[in-house]
Amino acid sequence: MGNDSSRSGGGDVSDLRPGLLEADDHKIRRILAVVDGAVDPAVNRALLDPLRPRLASLKPVRPLRFARLLFIPIDPLTVPARGWRPGNLTVPRPALAPIAKLVRAGLGDLAQAIDKMIDGRKVDAIQTITKAGEALWPRAAEVLAHAPMPADWAETGLPLTLYASLAASIAAVLRHAAQLRCIAQDEELGALETDNDAVDNIMANIAKEPELGCAMIAQLILLRSPHVARLLGRVAASGRTSEEKAALRKAMDRALEAVLSHMERDTGFVRDIVNGALAEVGGEVRRMTTLLRAIETEAAFAGHLPRLKAIRTKLDEVCQTRFTRGLTEGLVAPLAAGSRPVDGTAQTELEMCARDLRKLETAARKAGGPMTYDGLLLQAAEAVRSAANLSEMRRCRLIEIVSGPEAAESMYHKAIRDT
Amino acid sequence: MVVPFTTPVLGGTRVRLSGNRGLELIVHNPSGGRGVYVMPWTAITSFGRPTLHDKVLNTRMAFLERITPVTIREAARATAAEGLAGEAAMQAALTAIETDEGDRRFANHHLLLALIRQVNVVPRSSPAKTGSDLADLDARARQTLAWLAPRLGQPATWGVAALSSLGDTMASVGVTTSGDAGRTPRLAKRLHDTREDISDWIGTQSDGDRVAYARTICSVSDVTLTMTAGLLAQARSMTDDMVGLLRVWSADPDQVRRIIARPEWLLDGWEQICLVWNFAHDDAARRAALVEIAEYVPILPREVHEWTGYRSDLDDSLFEHRPILLNEDWRSGATVFDLIARNEQFRAHAI
């Protein structure tokens with residue numbers, strides 16, 4: 001970070017930061033589009049580092065670049081330098097650029113092949129990421145496991161002694177990245193039971209990985225694939241010797257401790273849920289409640305039970321706050337403010353918002369507060385019923401989503417009778 | 001007949017007339033295991049909460065005299081046109097009505113030309129290109145039909161109405177092999193493209209349960225497509241002898257209707273399968289789609305042997321693979337809202 005490339009157009013980019021921090025979501029997305037078009041990574045970092053927490057919540061669809069693809073598997077573990085402490089199960093962001101450069105140099109022709117695969121794609125190109133990742137991650141793990149410390153490591157400001165253990169841990173995650181992604185995607189879709197082949201693949205030879213790497217893998221499973229959390233006990237038991245078993249047990253405990261500590265912190269998940277896009281937070285809450293349920297029902301995690309009540313209470317509060325804001329901004333206000341009849345496009349947006357609210361509510365009820373959601377949904381229904389700018393059929397559609405098909409059916413038959 | 005319900009747990013549900021002329025629904029085991037439940041609509045609530053779209057569609061079906069691909073499609077289209085499956089499905093339903101009308105016009109025109117060519121009792125007024133002089137074509141058609149009707153034992157006025165009805169009936173098969181007219185050939189093409197896509201996907205996967213599912217689906221698709229092509233050719237070939245076709249039509253129009261409807265019966269249920277696959281854009285979604293598709297793959301109608309002479313042993317071997325378990329929350333938890341939205345998108349992309 002100590003070079004001149006963070007100066008842009010004669011001025012220091014730090015001059016722009018105060019304005020950036022106050023920018024609204026739309027403006028940040030526009031700035032990102034400009035920054036992503038720039039080729040100087042140092043300028044990008046200088047501009048965007050203060051915005052990382054906002055970006056994490058906004059989840060903007062950015063261009064898929066080599067380094068971004070490489071580190072997708074460890075994305076949930078990446079933290080800014082000031083948020084990182086030695087021994088944490090996290091990866092400090094300044095470490096990424098030199099490691100990406102190192103891996104790229106060690107890949108030979110594969111780097112160009114990967115560039116070709118991801119050319120013009122963005123981070124929402126799920127299938128491209130899967131295919132390019134399957135080609136990249138295992139090879140990157142090999143490179144990283146054997147490469148010496150990058151020459152520019154000192155510029156990261158991180159301890160020199162950190163490199164070896166961090167590189168080995170990232171390599172461990174990358175070795176299992178394709179399978180971790182597979183089970184995480186299954187979890188997100190919610191259609192299938194756990195793919196045991198993928199889990200078996202993760203567990204094969206996991207005892208050979210360094211403890212920190214094992215703990216990172218376990219943490220990723222807890223965060224992204226909580227349905228699989230119950231299998232972590234199997235991971236711990238897969239050691240061949242009592243020492244290996246103890247080391248794996250320790251790694252699993254560290255992972256769970258890290259996840260629960262994160263949940264207990266004041267910021268923790270709060271920022272992601274409060275500021276996150278409504279379409280995303282339902283899934284986020286679903287994963288969290290699934291994890292809490294897994295911890296409650298798994299005997300191996302019994303020691304952590306007393307911590308869960310406070311986490312649930314906080315999660316419940318945050319969900320109610322996010323639901324209320326989503327309801328007001330996405331449904332109540334547009335319906336109350338509209339002077340013209342709602343057209344097809346506006347109706348589609350209202351329906352999407354109503355569905356996202358219901359997804360959040362369905363997941364959040366498992367954290368507590370069912371009565372609150374009943375009341376909030378009644379409020380949503382009232383906003384729909386009293387909206388003057390809705391056709392009867394469009395009103396029925398919205399009522400169906402917020403109140404259920406029975407309420408919509410009554411409204412539908414009344415509308416038919418009245419016409 | 002497969003009913004395009006939007007309630008996730010009712011995916012792939014079929015309908016039939018029961019002995020007392022009421023409707024029976026054949027619903028897949030909601031756990032994803034083997035077997036079906038046969039029940040009246042009133043028992044459906046034990047499975048879940050049907051959407052308003054499905055309630056209204058079911059009411060429409062209850063008034064149908066016959067349950068056929070055409071009557072179910074029309075009931076579903078009318079329901080979507082009300083806006084009960086969302087804005088996109090409503091627009092698609094209105095567009096589909098125009099597309100069908102185009103198919104009908106095309107079929108009527110083609111039959112008229114075929115008849116004039118075969119009978120050839122009225123000389124052209126000028127050597128104009130076929131179809132370029134509509135007034136001349138109309139006059140020649142009327143004269144041809146007036147000449148033909150008494151020879152089929154029908155009054156002179158019968159011909160125009162008969163040819164029009166026959167054109168409406170033939171519209172679904174497309175009449176000619178060129179172009180993309182006709183719903184059934186369009187659906188067959190969609191199935192062909194989907195089958196190719198599944199086959200390509202198999203090539204990118206290592207073997208496993210899902211790949212075995214995919215191979216079986218491709219095999220059943222191949223058989224279905226081969227037989228559909230044969231039945232379409234059979235239906236279209238009837239227009240080679242327009243006089244003979246009108247003779248049969250004058251005696252028993254239902255006999256013609258049954259032959260024309262065969263390919264559509266054979267393809268019943270495949271549109272849903274194509275849509276499930278085509279909406280799954282990545283490996284994870286496709287793994288899940290295959291499990292869903294496995295529940296929906298239609299059983300070949302018993303009449304297929306009579307229609308085509310083909311005897312298939314596919315039914316015996318179909319999906320003897322290890323069942324892949326569904327997540328307990330799927331179709332009932334928060335994902336239900338996404339699944340309904342997806343199923344409504346299916347209505348917007350139905351042919």
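Is B:D268 buried or exposed in this structure? B:D268 is buried, because its relative accessible area is 13%, and the cut-off for buried is under 20%. The model is a predicted one.

## The surroundings of B:D268

B:D268 sits in a loop of chain B, between helix α9 (253-267) and helix α10 (270-278). Leaving aside residues up to four places away in sequence, B:D268 touches B:M1, B:V2, B:R14 and B:P298.

## Chain B as a whole

Chain B has 351 residues, and 54% of them count as buried. Its secondary structure consists of 14 helices and three strands. The chain exposes about 15,700 Å², and carbon and sulfur atoms supply 52% of that area.

Contacts within chain B can also be sorted by separation along the sequence. Taking the contacts between residues at least 6 apart, 66% join residues that are at least 24 apart.

## A salt bridge inside chain B

B:R73 and B:E264 form a salt bridge, with their closest N and O atoms 2.2 Å apart. This pair links distant parts of the chain: B:R73 belongs to helix α2 (residues 69-81) and B:E264 to helix α9, and 191 residues separate them. Both B:R73 and B:E264 are buried.

The two residues also belong to a network of salt bridges, in which B:R73, B:R183, B:R190, B:E264 and B:E271 are linked. Over all chains, the structure holds 45 salt bridges.

## Where chain A meets chain B

The contact between the chains takes 38 residues from chain A and 38 residues from chain B. The area buried between chain A and chain B is about 3,200 Å², and carbon and sulfur atoms give 52% of it. There are 12 residue pairs in polar contact between the two chains, counting pairs with both residues at pLDDT 80 or more.

On the side of chain A that touches chain B, the elements giving two or more residues are α8 (126-146), α10 (177-189), α16 (278-297), α18 (344-364), α20 (392-403) and α21 (405-418). The residues of this side of chain A divide into 12 nonpolar, 11 polar and 15 charged.

## Salt bridges across the interface

Eight salt bridges are found across the interface of chain A and chain B. One of them is between B:E344 and A:R397, where the closest N and O atoms are 2.7 Å apart.

B:E87 and A:R394 also meet through their side chains in a salt bridge, at 2.7 Å from N to O. B:E87 lies in helix α3 (residues 87-119) of chain B and A:R394 lies in helix α20 of chain A, so this pair joins two chains. B:E87 counts as buried because its relative accessibility is 12%. A:R394 is buried as well, with a relative accessible area of 17%.

## A salt bridge within one helix of chain A

The side chains of A:R358 and A:E361 meet in a salt bridge, with a distance of 2.7 Å from N to O. Both residues lie in helix α18 of chain A. They are three residues apart, which is about one turn of the helix. Both A:R358 and A:E361 are buried.

## Two further positions

A:L220 is part of helix α12 (residues 211-224) of chain A. Why does A:L220 count as buried? Its relative accessible area is 5%, and buried means under 20%. Not counting residues up to four places away in sequence, A:L220 touches A:P73, A:P76, A:L77, A:V173, A:L180 and A:S225. A:L220 and A:A172 are 48 residues apart in sequence, and their C-alpha atoms are 12 Å apart in space.

B:T95 is placed in helix α3 of chain B. B:T95 is partly exposed, because its relative accessible area is 44%, a value between the cut-offs of 20% and 50%. In sequence, B:T95 and B:A348 are 253 residues apart, while in space they are 10.0 Å apart, C-alpha to C-alpha.

Terms used:
Residues numbered from 1 in each chain as written. Chains lettered and ligands numbered in written order. Predicted model: local features only at pLDDT ≥ 70, side-chain atom pairs only at ≥ 80, totals over all residues. Heavy atoms only, no water. Helix = DSSP H or I, 4+ residues; strand = E, 2+ residues; numbered from the N terminus. Buried < 20%, exposed > 50% of the residue type's maximum accessible area, 1.4 Å probe, protein only. Contact = heavy atoms within 4.5 Å. Areas by Shrake-Rupley, 256 points an atom, 1.4 Å probe, with all protein chains shown as cover. Buried area = accessible area lost by both parts, 1.4 Å probe. Salt bridge = Lys/Arg side-chain N within 4 Å of Asp/Glu carboxyl O. Polar contact = N/O pair within 3.5 Å; in protein donor to acceptor, adjacent residues only side chain to side chain. Nonpolar A, V, L, I, M, F, W, Y, C, P; charged D, E, K, R; others polar.
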